[in-house]
Each structure stands twice: as structure tokens, then as C-alpha cells.
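Q: Pick one part of this one that sits away from the surface and take me through it slowly. I'd like to know what touches what.

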Amino acid sequence: MKILVAFFSASGITKEVAQTIAGVANADIFEITPQVPYSKADLDWTNETSRTTLESKDKASRPKIAKSIDISGYDAILIGFPIWWYSAPHIINSFLESQDFSGKIIVPFSTSGGSELGSAPKDMQKSAPNAVFKTGQKFNFGATRASIRKWLQDLGLIA
């Protein structure tokens, strides 16, 4: 099975987890980056007028992605992101809507200091309705290779 780990990371925590997952799964890795990078002020979730707060409130918001990747050669795509307002950042929807994920296995994974995946998988399915979604996982900073290996084995993605 050919696996891609695609991720968006605002602070570096999701990137670290994604790199560990890619290593365990012997997968390719792709960072989903916004065309207009997020500043520290943009990421201030306590500010009602910050970019991320406004994007999260606007369900139609789709931040532009800086670069793309051809997913046609992959069987499974693990998509990682930090939890924002109990779901995935809208740049994840931008990624999902950028290509045809029909028949592809999608497995969401997130990082968060407290929130679980929340509505993220359900919200993501709206952007890739013909994909096959598998059970996602929330990871904390410093997730172990052993816990990641078990999760991937339970999903049937690795032996």
C-alpha cells in the first residue's frame, strides 16, 4: 500500500507527529502550506478579529494552498492538522477539494492540547465525499513510535 502523510502545522507540533507517522509507515510526506502564511497575530485564537477566528466562523472559507501534490499514486492519505475550534482548519478543506479523492483511504489525525477530533472527520467528508474515511486519532506532542505503529496496524495500513 502506497501511503502519503499530508499535514498542516501552525506551530510545529503537527509537523513532528506527521514526520513520526511517515517514518513508521514508510510513507511519503507533504506539508500543506498556505499561500499567505499565518502570522502570530493571525493565529491568536483569543482575538475575535484574528484571521483564524474569522476563517473558522466562515464555513465557506478556503485559504489558498501554496503548492500541490499529485495524489493519484497513493492508496491511503493520512491528513494531519491542529484542532481549531473543534474541527480541522479550513485549509484542510482546500486540500481535499483540490483533487479527486474518490476511492482513496483518508485517515485524519490531529494534535491538540485538549480537544479531540470533534467534528473534523464529518466536516472533511463533505469536502471528499467519495473517499473512504477510516477512524482518526488525536496525538499529543511527543507521540511514541509504538503507539503510532499500533494505530496504523489496527487500521490495516501496515503489517
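A: Some terms before we go in: helices (H or I, at least four residues) and strands (E, at least two) are DSSP runs, numbered from the N terminus. This is a predicted model, where local features need pLDDT of at least 70 and side-chain atom pairs count only at pLDDT 80 or more, while totals for chains, interfaces and linings use all residues. Residues are numbered from 1 along each chain as its sequence is written, and side-chain values use heavy atoms, with hydrogens and water left out.

Let's start at I32, in the loop between strand 2 and helix 2 (51-57). Skip the residues up to four places away in sequence, and I32 still touches A6, F7, F8, I65, I91, I92 and F95. Contact means heavy atoms within 4.5 Å. A22, by contrast, is 10 residues from I32 in sequence and 15 Å away, C-alpha to C-alpha.

Now zoom out to the core around it. A nonpolar core is a set of buried Ala, Val, Leu, Ile, Met, Phe, Trp, Tyr and Cys residues joined through side-chain atoms within 4.5 Å. The largest one has 28 residues, and I32 is among those touching the most other members, along with I79, F81, I92, F95, F101 and I106. Strand 1 (3-7), strand 3, helix 3 and helix 4 each give two or more residues to this core, and helix 3 gives the most, with four. Another core, of 23 residues, lies apart from it and includes A76, L78, F109 and I158. In soluble globular proteins, nonpolar side chains tend to be buried together.

Leaving aside neighbours within four places in sequence, F81 is in contact with F8, T14, A88, P89, I92, P108, F109, S110, T111, L117, A120 and M124.

A120 and M124 bring us to helix 4 (residues 120-127), where they are buried along with S127. Looking down the axis of helix 4, these buried residues fall within an arc of 45 degrees, so they line one face of the helix; the arc is taken from the directions from the helix axis to the C-beta atoms. That buried set packs against strand 3, helix 3, strand 4 (105-111) and strand 5 (132-133).

Key
Buried means under 20% relative accessible area, exposed over 50%, partly exposed in between (1.4 Å probe, protein chains only).
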